[in-house]
Amino acid sequence: GTSGNPTEVALLVLVHDLGMNYEQIRNTTRGRSGVGELGEFLSEGKLYGFSSARKLMSWAVPKKEGGYRIYTKGAQEVLLMRCTKYIGAGGDLLDVTPEVIEEFKNHSHAYSRRGMRNLGLAYADLPVGFNLEAISS
């Protein structure tokens, strides 16, 4: 079994259940890996640690074609307010509408009533020349 922070363990189980290996993903991601050939590029990535004020944490990694992709995890209600699209059950990219937000809230409340935490996962592509130091919230 896996041990550690229950939220982090749940995320690792999710990755495993999706048929992926988190160590392989991390070790082959420029700006995230500290091992092998990619280790020299670790400083190109940027961690935005969790803060209770933001209710989020993020990691920006450089893309091959330039710019960055920023991955974020955090409070679902906070992330939903920042997103314009979501990936539906069929893998399609769909618009976040007030109705979608309400549906997510209803599901979240159902889990919360059972004592479960709800996390959102999101990503965004940032253009070439984007100043990562400008991100504060």
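Two strands count as paired if DSSP finds at least two bridges between them. Keep that in mind as you explore this predicted model.

**Stop 1**

Select the four strands that form an open sheet, in the order 1-2-3-6, with antiparallel pairing. Which strands stand at the edges? They are strand 1 (46-51) and strand 6 (119-126); each has a single partner strand, so one side of each is left without a neighbour in the sheet. From one strand to the next, the twist averages 10°.

**Stop 2: strand 2 and its two partners**

Next, select strand 2 (residues 56-62), which pairs with strand 1 in the antiparallel sense over four bridges. On its other pairing, strand 2 meets strand 3 over seven bridges, again in the antiparallel sense. Click on Leu56: Ser51 stands opposite this residue, and its bridge partner in strand 3 is Gly74.

Is strand 2 mostly covered or mostly open? Mostly covered: seven of its seven residues are buried. Colour Leu56, Ser58, Ala60 and Pro62 for one side, then Met57, Trp59 and Val61 for the other, and you will have marked both covered faces.

**Stop 3: the two hairpins**

Zoom in on the hairpin of strand 1 and strand 2, which has four residues between the strands. Here Lys55 takes a positive phi near 65°. Then move to the hairpin of strand 2 and strand 3, with five residues between the strands, where Gly66 takes a positive phi near 105°.

**Stop 4**

Now look for the second largest pocket, with a volume of about 260 Å³. To find its centre, select Phe50, Gly74, Ala75, Arg117 and Leu119, which lie nearest to it among the 14 lining residues. Helix 1, strand 3 and helix 3 (76-82) each give two or more residues to this lining. Which element gives the largest share? Strand 3 does, with three residues. By class, the lining has four nonpolar, five polar and five charged residues.

**Stop 5: Ile135**

Finish in the segment after strand 6, where you will find Ile135. Ile135 is partly exposed, with a relative accessible area of 21%; the cut-off for buried is under 20%. Leaving aside neighbours within four places in sequence, show what Ile135 contacts: Tyr48, Ile70, Leu126 and Phe130.

How values were computed. Residues are numbered from 1 along each chain as its sequence is written. This is a predicted model: local features need pLDDT of at least 70, side-chain atom pairs count only at pLDDT 80 or more; totals for chains, interfaces and linings use all residues. Side-chain values use heavy atoms; hydrogens and water are left out. Axes are lines fitted to C-alpha atoms, for helices over the stretch in contact, and angles run from 0 to 180 degrees between N-to-C directions. Buried means under 20% relative accessible area, exposed over 50%, partly exposed in between (1.4 Å probe, protein chains only). Contact means heavy atoms within 4.5 Å. On a 1 Å grid over the protein atoms alone, a cavity is a set of points where a 1.4 Å probe fits but cannot get out, and a pocket is an open set with protein on both sides within 12 Å along at least five of seven lines; lining residues have an atom within 4 Å of a point. Grid points are joined across faces, edges and corners, and a volume is the space filled by probe spheres set on the points. Ala, Val, Leu, Ile, Met, Phe, Trp, Tyr, Cys and Pro count as nonpolar, Asp, Glu, Lys and Arg as charged, and the others, Gly among them, as polar.
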